[in-house]
Amino acid sequence: MSETRKPLVVGNWKMNGDLAGNAVLLSGVLTGVAGIDQGAVGVAVCPPFPYLSQAAQVLAESPVQVGAQNVSAFENGAYTGEVSAAMLSELGCAWVIVGHSERRAMLGETDEQVAAKAAQALRSGLGVIICVGETLEDREQDRTQAVLARQIEALASLAQQADPNKFVVAYEPVWAIGTGRSASTEQAQAAHAFIRAGLEAIGFRAASKIRILYGGSVKPANAQGLFEMSDIDGGLIGGAALSADDFIAIVRAAALARG
Ligand code: PGA
């Protein structure tokens, strides 16, 4: 964690929740963040599309922001089943996750589509959280840096328009997502430093101000160690974000790790 970047902790609820359960979770998150210094950490939750307005209503006037888990690369029109960035903005979203590995792997999203979605979201004033990360096979065959370099280079066209407050990268090694097996602090730090250098190399002049979140089996027990690493600026939290207590413990770890 660096003094110059305000950490961010984002809950990715994936395809989980219902109205009643969300109400309990959101109220637990609201109560929990009340005891945490808001200047020290940013917080957002990303429910499924149908629950965005529920979250936006409950979290209005609170420091917790709302994000979506996907966005269309197109502005509007005949794209059945898609949701536009303008719609997300209007509903009160501040963020959108783009290029999650589950979408890349299961739905075939390409680096180019990820970049186009991010560009569209930025044009609508949303902040983007762009996910990158290698598979287990990539890591075992020593291709981690090659994969990260390819995924980062695809973002070059965004370098000029990206405000560092609204452009966030999430390093999520695919083998660590939902597996209970987090990357070690050293593995994560090395990847984050590589990503930051890559952003700078492709023209992000404010690369030192861009937050790079770690995601993949972050829990209260390992959050602090990860967040203490110099290039890890918070987390993208899946499973643990479905428990208010666990999520808040991770938010607190990010607030404390600052500096
Ligand atoms: P996990 O998921 O925390 O459950 O590993 C992280 C993510 O997929 O964003």
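This is a predicted model: local features need pLDDT of at least 70, side-chain atom pairs count only at pLDDT 80 or more; totals for chains, interfaces and linings use all residues.
**The ligand site and the barrel**

Student: How far is a polar side-chain atom of K14 from an oxygen atom of the ligand?
Tutor: A polar contact is a pair of N or O atoms within 3.5 Å. The side chain of K14 places a polar atom at 2.7 Å from a ligand oxygen.

Student: Which atoms of S217 face the ligand, backbone or side-chain?
Tutor: For H100, an N or O atom in the side chain is 2.7 Å from an oxygen atom of the ligand. For S217, the atom that lies 2.7 Å from a ligand oxygen is an N or O of the backbone.

Student: How much of the ligand's accessible area does the protein cover?
Tutor: On its own, the ligand has 280 Å² of accessible area. Of this, the protein covers 97%.

Student: In what order do the strands close into a barrel?
Tutor: The barrel has 8 strands, and their pairing is parallel. Neighbouring strands are turned by 25 degrees against each other on average, direction ignored. The order is 1-2-3-4-5-6-7-8.

Student: Which residue of strand 8 does G11 stand opposite?
Tutor: Strands of a sheet pair through backbone hydrogen bonds. Strand 1 (residues 8–12) pairs with strand 8 (residues 234–237) in the parallel sense, over 4 bridges. In strand 8, the residue opposite G11 is I237.

Methods:
Residues are numbered from 1 along each chain as its sequence is written. Side-chain values use heavy atoms; hydrogens and water are left out. A polar contact is a pair of N or O atoms within 3.5 Å; within protein, one must be able to donate a hydrogen and the other to accept it, and residues adjacent in sequence count only if both atoms are side-chain atoms. Accessible areas come from the Shrake-Rupley method with a 1.4 Å probe; for residues, only the protein chains shown count as cover. Two strands pair if DSSP finds at least two bridges between them. Helices (H or I, at least four residues) and strands (E, at least two) are DSSP runs, numbered from the N terminus. Axes are lines fitted to C-alpha atoms, for helices over the stretch in contact, and angles run from 0 to 180 degrees between N-to-C directions.
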